[in-house]
Amino acid sequence: MTETLVPPKDEQATKRLFIKTYGCQMNVYDSERMADVLRPLGYAATDTVEDADFVILNTCHIREKAAEKVYSELGKMRELKDAKGGAMTIAVAGCVAQAEGEEIMKRQPAVDLVVGPQAYHQLPELLTRTARARGERIGADFAPDEKFDALPAARGVDGFTAFLTVQEGCDKFCTFCVVPYTRGAEWSRPVAAILAEARELAAKGVREVTLLGQNVNAYDGEGPDGKPSTLARLAWALAEIPGLDRIRYTTSHPNDMSDDLIQAHRDLDVLMPWLHLPVQSGSDRILRLMNRKHGRQKYFELIDRIRKARPDMAMSGDFIVGFPGETEKDFEDTMDLVRRVTYASAFSFMYSPRPGTPAATMGAQVPDAVSRERLQTLQTLLFDQQTAFNASRAGMTIPVLFERPGKFDGHVTGRSPWLQPVYVDGVADQLIGQIVPVTIESGGLKSLSGRLLQKAA
Ligand code: SAH
Ligand code: SF4
Ligand code: F3S
């Protein structure tokens with residue numbers, strides 16, 4: 001879960017745009033695309049909110065804390081707007097906008113417009129309308145095809161890695177989750193549109209793309225033959241694009257991990273050996289209550305097949321503790337699953353009841369104190385596994401895609417194939433944008449440090 005500001009800046013532009021992003025990578029992608037839509041109107045990104053003419057909060061509804069953050073942020077924005085004599089337009093976008101747009105307008109009069117995730121292409125029109133009267137709520141209907149068709153072809157690019165949304169929405173209806181309600185039904189973009197966007201990214205210097213979707217491995221966009229493609233076939237087609245040296249994708253569902261995708265991990269070297277495959281719980285009983293539609297045994301078998309195809313695959317996951325009815329035994333099953341699978345990284349959360357989801361009204365909600373303790377126990381194990389995985393890279397020589405100067409003078413940082421941040425002593429100008437072999441000297445919880453095998457040319 002990230003918070004980002006939107007690059008790039010454009011000194012020519014006359015108006016300043018500040019976007020604050022919450023939630024998943026799909027929101028990060030959407031924020032970039034909103035900046036693309038607004039650029040032709042003269043809006044350039046700023047990272048100081050005080051300078052902004054237009055502020056967009058791109059919000060997340062996944063847990064209560066995420067949603068509440070929006071209202072406290074809006075309180076601060078209102079003060080700022082007042083201090084500027086009202087000369088600031090405030091928009092709320094993203095999943096909170098979709099889920100509780102009317103409430104936002106009611107609770108915070110400083111908000112000028114509310115726009116759901118499928119309506120970002122309408123931002124220019126909305127802004128014009130807002131200039132005349134306080135805006136309305138737009139985007140309750142899900143129309144991803146319209147959104148993607150209408151977004152401008154030109155993409156602003158910042159650096160050498162990029163997100164590319166290939167699939168939106170979710171039909172899985174896990175009983176705890178708001179995503180099917182905030183993002184609508186599963187929908188995949190056509191292969192041709194994705195290839196065109198990827199070619200543009202590569203032409204602008206991007207070397208690594210991460211394909212995004214709530215259930216990205218359920219991707220079934222229209223292929224060149226008019227028939228549905230698969231994510232594996234899409235990856236093979238992307239691999240043909242000169243300059244695109246690394247492909248990742250996230251988030252995958254265990255039930256959509258098809259054979260051709262597992263084989264692609266064996267045969268397609270640009271597909272990076274890092275897989276985010278959330279399981280949520282290790283207890284069959286809880287998995288059933290969550291409506292995940294698979295059990296722990298199936299997950300173990302799947303991991304075995306994946307590791308057989310790609311022995312150096314690093315596994316990542318998401319976990320929820322304290323789901324309604326979770327007993328000590330259920331939690332112990334989760335700990336056992338984690339011990340068996342061993343993760344290179346993972347996110348874990350206390351269950352948060354979400355309005356309108358079936359789990360919110362299930363009996364036997366677990367007390368917060370119990371959930372908190374379980375979360376701590378689970379995270380201790382997951383952090384230990386992550387540290388051990390990182391430490392296990394010591395002595396290896398691995399390719400690193402360098403992205404930016406490090407925090408300390410003379411440091412440059414990039415990513416390993418397993419998504420770990422890697423630090424070396426080096427010359428930023430020579431390294432950034434290059435994939436260079438690095439010998440790893442040590443690895444801790446968060447990062448690796450290494451030395452260059454050779455001086456970059
Ligand atoms: N599509 C992805 C998940 C998207 S949401 C998948 O199926 O895995 C990201 C993560 O947030 C989920 O994997 C889950 O671990 C967590 N999450 C979702 N709803 C939650 C809730 N109500 N309470 C706590 N965590 C939740
Ligand atoms: Fe939510 Fe489940 Fe869909 Fe993931 S698969 S987005 S957890 S409903
Ligand atoms: Fe949050 Fe919406 Fe993503 S609820 S996790 S921003 S799909």
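**Strand pairing and ligand shells in a predicted model**

Strand 18 (residues 435-443) and strand 19 (residues 448-452) run antiparallel and are joined by 5 bridges. Helices (H or I, at least four residues) and strands (E, at least two) are DSSP runs, numbered from the N terminus. Two strands count as paired if DSSP finds at least two bridges between them. The model is predicted, so local features need pLDDT of at least 70 and side-chain atom pairs count only at pLDDT 80 or more, while totals for chains, interfaces and linings use all residues. Residues are numbered from 1 along each chain as its sequence is written, chains are lettered from A and ligands numbered from 1 in the order in which they are written, and side-chain values use heavy atoms, with hydrogens and water left out.

Strands 18 and 19 form a hairpin with 4 residues between them. Ser442 has Ser449 in strand 19 as its bridge partner. Strand 18 also runs antiparallel to strand 15, to which 5 bridges join it. Here Leu401 stands opposite Ile435 of strand 18. Strand 15 (residues 397-405) pairs with strand 16 (residues 411-415) too, in the antiparallel sense, over 4 bridges. Arg404 has Thr413 in strand 16 as its bridge partner. These strands belong to a closed barrel of 5 strands in the order 15-16-17-19-18, with mixed pairing. The twist from one strand to the next averages 55°. Axes are lines fitted to C-alpha atoms, for helices over the stretch in contact, and angles run from 0 to 180 degrees between N-to-C directions. Strands of a sheet pair through backbone hydrogen bonds, either parallel or antiparallel.

An open sheet is formed by 3 strands in the order 12-13-14, with parallel pairing. Strand 12 (274-276) and strand 14 stand at the edges with a single partner strand each, so one side of each is left without a neighbour in the sheet. The twist averages 10° from one strand to the next. Strand 13 and strand 14 run parallel and are joined by 6 bridges. Asp318 has Phe347 in strand 14 as its bridge partner.

Ligand 1 is surrounded by 15 residues, and the closest are Phe176, Gln214, Gln280, Asp318 and Ser352. A residue is near a molecule or strand if one of its heavy atoms lies within 4 Å of it. Several polar contacts (pairs of N or O atoms within 3.5 Å; within protein, one must be able to donate a hydrogen and the other to accept it, and residues adjacent in sequence count only if both atoms are side-chain atoms) are listed next. A polar side-chain atom of Arg63 lies 3.1 Å from an oxygen atom of ligand 1. A polar backbone atom of Phe176 is 3.0 Å from a nitrogen atom of the ligand. For Ser352, a backbone N or O atom lies 2.8 Å from a nitrogen atom of ligand 1. Taken alone, ligand 1 exposes 540 Å², and the protein buries 92% of that. Accessible areas come from the Shrake-Rupley method with a 1.4 Å probe; for residues, only the protein chains shown count as cover.

Strand 13 (314-321) and strand 14 (345-350) are the elements that give two or more residues to the shell around ligand 1. The shell residues divide into 7 nonpolar, 4 polar and 4 charged. Ala, Val, Leu, Ile, Met, Phe, Trp, Tyr, Cys and Pro count as nonpolar, Asp, Glu, Lys and Arg as charged, and the others, Gly among them, as polar. Domain 2 (157-272) and domain 3 (274-392) both give residues to this shell, so ligand 1 lies between them. The domain bounds come from an automatic or database domain assignment.

The residues around ligand 2 include Cys170, Cys174, Phe176, Cys177, His253 and Arg292. Its shell divides into 7 nonpolar, 2 polar and 2 charged residues. Around ligand 3 stand residues including Cys24, Cys60, His61, Cys95, Arg183 and Gln214. That shell divides into 4 nonpolar, 4 polar and 1 charged.

Two backbone details remain. The peptide bond from Thr250 to Thr251 is cis, with omega near 5°. Thr251 lies in the loop between strand 11 (246-250) and helix 9 (259-267). Lys293, a residue other than glycine, has a positive phi, near 65°. Its place is in the loop between helix 10 (284-289) and helix 11 (296-309). Most residues other than glycine have a negative phi, and most peptide bonds are trans.
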